[in-house]
Amino acid sequence: MPGHFGIRITDADKDKLVGVGNADDRHLNNSGHVHGGALAAFADDLGGSLAGLNVPAGFRTTTIESKTNIFRACGPERLAAVAIPVHVGRRTIVLQTSIYRADGKLAAMMIQTQMVLPRGSGAPTSEDGGESSAPTRPVFPGFSC
């Protein structure tokens, strides 16, 4: 995502992360405005980066919930974003990321919850301890894909 958006973090510590991204024609919807999903992806990337600064060594995070409000349309332009922690706990981290248009007006805001996990967790393992490529149980019992 950082390469796709040209995301560059300009300032980062545990209490605030600031970044910029370049929205171009690849990020526009049919009406010529930056797609809401592109705004959400930008905010999620910065929020996840900030969450990573707030976990102890040997841990990582993953997004488990997010909500984005879009206040103003954005055209293809440089966007700036500021992420701040709202809650930093042992099991979850909640962050708020505000995205601003080039004219400085607030365009969107995301609140996201990151789950804190031990690094290396998350991949199913086989009986011999290696990673397995197949799930060990159906995701939705009774349904097949």
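User: Why is Arg 101 called buried?

Analyst: Buried means a relative accessible area under 20%, exposed means over 50%, and partly exposed lies in between, with a 1.4 Å probe and protein chains only. Arg 101 has a relative accessible area of 19%, so it counts as buried. This is a predicted model, in which local features need pLDDT of at least 70 and side-chain atom pairs count only at pLDDT 80 or more, while totals for chains, interfaces and linings use all residues. Residues are numbered from 1 along each chain as its sequence is written, and side-chain values use heavy atoms, with hydrogens and water left out.

User: What makes the pair of Asp 103 and Arg 101 a salt bridge?

Analyst: A salt bridge requires a side-chain nitrogen of Lys or Arg within 4 Å of a carboxyl oxygen of Asp or Glu. For Asp 103 and Arg 101 the closest N and O atoms are 2.6 Å apart, so the pair meets the rule. Side chains of opposite charge can pair when their charged atoms come close.

User: Is Asp 103 buried, partly exposed or exposed?

Analyst: Asp 103 has a relative accessible area of 47%, and therefore it is partly exposed.

User: How many salt bridges does the rule give?

Analyst: The count comes to two. Asp 24 forms a salt bridge with Arg 26, where the closest N and O atoms are 3.0 Å apart. Asp 24 is partly exposed at 27% relative accessible area, whereas Arg 26, at 52%, is exposed.

User: How do you know which residues belong to a nonpolar core?

Analyst: Such a core is a set of buried Ala, Val, Leu, Ile, Met, Phe, Trp, Tyr and Cys residues joined through side-chain atoms within 4.5 Å. The largest nonpolar core here has 24 residues, of which Leu 39, Phe 42, Leu 79 and Ile 99 touch the most other members. Helix H2 (36-53) and strands E4 (78-88), E5 (92-100) and E6 (106-118) each give two or more residues to this core, and H2 gives the most, with seven. Helices (H or I, at least four residues) and strands (E, at least two) are DSSP runs, numbered from the N terminus.

User: Which residues are in contact with Leu 79, leaving aside its neighbours within four places in sequence?

Analyst: Contact means heavy atoms within 4.5 Å. Among the partners of Leu 79 are Leu 39, Phe 42, Ile 99 and Arg 101.
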